[in-house]
Amino acid sequence: MYSAINIGGFALGIAACIVLALYIKGELSYDKFYANQHRIYRVIRVTKNEGERQRGVSVQHPFTDVLLKDFPEIEKAGLYAPHLGFGAGSAEMRRSDRLDNTHEDKLTFMDQSMIEILEVPFIAGNPSKALTQPHSIIITRKKAEKYFRDEDPIGKSFVLNDDPQRTYTITGVIEKLQVTITHQFRLHHGTRRRGVLGK
């Protein structure tokens with residue numbers, strides 16, 4: 001009994017250490033695959049609300065223009081807005097030539113610069129022009145297979161929330177993103193109505 005308690009406790013201790021080490025290794029591996037990882041920065045917005053200090057990453061669209069103007073050392077700045085307050089979040093969506101809607105969540109606004117900064121891996125479409133036009137959208141391979149199967153999705157379109165004013169043309173298909181990436185997304189329709197559908 002004495003030996004069993006000692007050996008069992010020792011084994012549990014080792015197992016716990018291994019699990020913790022793997023967890024820490026996983027957390028530290030986020031965003032390490034970017035070729036320019038040491039040159040990419042995320043802006044944190046600090047505000048006060050009723051005396052309470054709050055931190056966030058959402059900013060208004062003109063902010064990137066100001067960054068580029070006032071800080072010449074910044075080569076490129078982009079916007080990424082996954083929050084409901086910016087019109088993102090979730091929506092009912094369908095192919096423009098179909099009537100049945102499907103619920104999609106984690107919709108995110110993103111602009112062309114963010115596609116380039118995050119080095120999004122394209123399978124089809126032009127990475128340098130994918131989100132340059134209003135009402136454009138990029139989808140992942142998985143979503144392309146879900147909605148279009150054997151069809152070429154480039155040039156086809158989605159309607160969000162049965163609103164004809166929210167029709168987005170597919171301009172690119174991207175590969176599934178790595179698990180260890182901070183910016184996980186499903187549907188990205190960028191600022192000024194441009195975006196991406198993923199995962």
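Me: Helices here are DSSP runs of H or I with at least four residues, and strands are runs of E with at least two, numbered from the N terminus. Where does that put Arg 149?

Reply: In this predicted model, Arg 149 sits in the loop between α4 and β8 (157–160).

Me: Why is Arg 149 called exposed?

Reply: Its relative accessible area is 69%. Exposed means over 50%. Therefore Arg 149 counts as exposed.

Me: What makes the backbone of Arg 149 worth a remark?

Reply: Its phi is positive, at about 50 degrees, and Arg 149 is not a glycine. Most residues other than glycine have a negative phi.

Me: Which other residue has a positive phi although it is not a glycine?

Reply: Glu 50 has one, with a phi of about 55 degrees. Glu 50 lies in the loop between β1 (45–49) and β2 (52–56).

Me: Is Glu 50 buried or exposed, and how do you know?

Reply: Glu 50 has a relative accessible area of 81%. The cut-off for exposed is over 50%, so Glu 50 is exposed.

Me: What makes up the largest nonpolar core?

Reply: It has 13 residues. Those with the most contacts inside it are Ile 139, Phe 148, Phe 158, Leu 160 and Ile 170. The elements that give it two or more residues are β4 (89–95), β7 (136–140), α4, β8 and β9. Another core lies apart from it, with 12 residues, among them Tyr 80, Phe 122, Ala 130 and Ile 174.

Me: Why is Thr 167 called partly exposed?

Reply: Its relative accessible area is 26%. Buried means under 20% and exposed means over 50%, so Thr 167 is in between. Thr 167 belongs to strand β9 (residues 167–174).

Me: What does Thr 167 touch, not counting residues up to four places away in sequence?

Reply: Thr 167 touches His 135, Ser 157, Phe 158 and Val 159. Its C-alpha is 9.6 Å from that of Arg 94, which is 73 residues away along the chain.

Me: How do you know that the side chain of Thr 167 makes a polar contact with Pro 164?

Reply: A polar atom of that side chain lies 3.0 Å from the backbone oxygen of Pro 164.

Me: What does the side chain of Thr 171 reach?

Reply: It reaches the backbone oxygen of Ala 130 at 2.6 Å. Thr 171 touches Ala 130 too, and its other contacts include Ala 124, Ser 136, Ile 137 and Ile 154. Thr 171 and Lys 129 are 42 residues apart in sequence, with their C-alpha atoms 8.4 Å apart.

Me: How many helices and strands does the protein chain have?

Reply: There are 4 helices and 11 strands. Buried residues make up 33% of the 199 residues.

Definitions and conventions. Residues are numbered from 1 along each chain as its sequence is written. This is a predicted model: local features need pLDDT of at least 70, side-chain atom pairs count only at pLDDT 80 or more; totals for chains, interfaces and linings use all residues. Side-chain values use heavy atoms; hydrogens and water are left out. Buried means under 20% relative accessible area, exposed over 50%, partly exposed in between (1.4 Å probe, protein chains only). Contact means heavy atoms within 4.5 Å. A polar contact is a pair of N or O atoms within 3.5 Å; within protein, one must be able to donate a hydrogen and the other to accept it, and residues adjacent in sequence count only if both atoms are side-chain atoms. A nonpolar core is a set of buried Ala, Val, Leu, Ile, Met, Phe, Trp, Tyr and Cys residues joined through side-chain atoms within 4.5 Å.
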